[in-house]
Amino acid sequence: MLATRTRRWKSVALATAAVLVGLTAPALTATSAAATTTDYDSTYYKNAIGKTGASLKSSLHTIISSQSKISYSAVWDALKVTDQDPNNSNNVILLYSGVSRAKSLNGGDTGDWNREHVWAKSHGDFGTATGPGTDLHHLRPADVTVNSIRGDKDFDNGGSTVSNGGGSLTDSDSFEPRDADKGDVARMILYMAVRYDGGDGFADLEPDEKVDNGSAPYIGKLSVLKQWNDEDPPSTFEENRNQVIYDTYQHNRNPFIDHPEWVDAIW
Ligand SMILES: [Ca+2]
Ligand SMILES: [Ca+2]
């Protein structure tokens, strides 16, 4: 069951229309993610509601750290469920390119899809041991070639067109997903930052403002991720995979899919 969601604009800037006809069209600009309520506020998120900043982040860490974990080999079959094409149950939808591809084409050859770590596993060097490297909340099916082009780059705007990348761009030190995946990427990265705080034998993952983080446990750029969270609110597809992960696999949720306004409340 999907959580019901009520949105309202927290703040809306109305550009003043020019009085004289023909000069300027009125513009309506959303300036932050809409505040939301979900079915989980009085239960799952009970201890986080009403908090902001470090207090909210700490509460959410405790809440989402209660979870089941799966092995890296089990991730293949899980992705065939979490990312199933709603219009073709034989296929999955690939991150970045947005194409629908046969579930049976999972593998490592050109034309296959494989397991994209949106939080690149070299950033904090957590590998594919059961833990952050097998956390479905940031793993997505991606085209093998596009996944290789993204590599372990940080996220930022700009670059040249990625071949078969659905409109994604890249340059020497960063990757920009296609518009429809920008918010998804932001919410996955920030989920990882809240979930992994160094207390479980893995690095404390955090966002920062850099694009040359290398193997440090950071991913940038935070200011760009915040912008992407605002520009690309959670879709039905994204909400569904959050629900499937919660119901079937890990029994924890990505708070930023349920409450995208919590991104600005923390960062
Ligand atoms: Ca999206
Ligand atoms: Ca962290």
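Strands β12 (residues 169-170) and β13 (residues 174-176) run antiparallel and are joined by two bridges. This is a predicted model, so to speak of a local feature a pLDDT of at least 70 is needed, side-chain atom pairs count only at pLDDT 80 or more, and totals for chains, interfaces and linings use all residues. Residues are numbered from 1 along each chain as its sequence is written, chains are lettered from A and ligands numbered from 1 in the order in which they are written, and side-chain values use heavy atoms, with hydrogens and water left out.

**The sheet**
- Helices (H or I, at least four residues) and strands (E, at least two) are DSSP runs, numbered from the N terminus.
- L169 has E176 in β13 as its bridge partner.

**Around H117**
- H117 is found in strand β8 (residues 113-117).
- With 5% relative accessibility, H117 counts as buried (buried means under 20% relative accessible area, exposed over 50%, partly exposed in between, using a 1.4 Å probe and protein chains only).
- Leaving aside residues up to four places away in sequence, H117 touches Y72, T128, G133, H138, L139 and R150; contact means heavy atoms within 4.5 Å.

**Helix on helix**
- Helix α1 (residues 53-64) packs against helix α4 (residues 179-195) at about 85°, and their axes are 8 Å apart. The axes are lines fitted to C-alpha atoms, for helices over the stretch in contact, and angles run from 0 to 180 degrees between N-to-C directions.
- That makes α1 and α4 roughly perpendicular to each other (65 to 115 degrees; under 35 is roughly parallel, over 145 roughly antiparallel and the rest oblique).
- On the α1 side the contact uses K57, L60, H61 and I64, and on the α4 side Y191, A193, V194 and R195.

- A180 in helix α4 and D232 in the loop between α5 (222-231) and α6 (236-249) are 52 residues apart, linking distant parts of the chain.
- A180 counts as partly exposed at 42% relative accessibility, whereas D232 is buried, with a relative accessible area of 12%.

Methods
Pairing = 2+ DSSP bridges.
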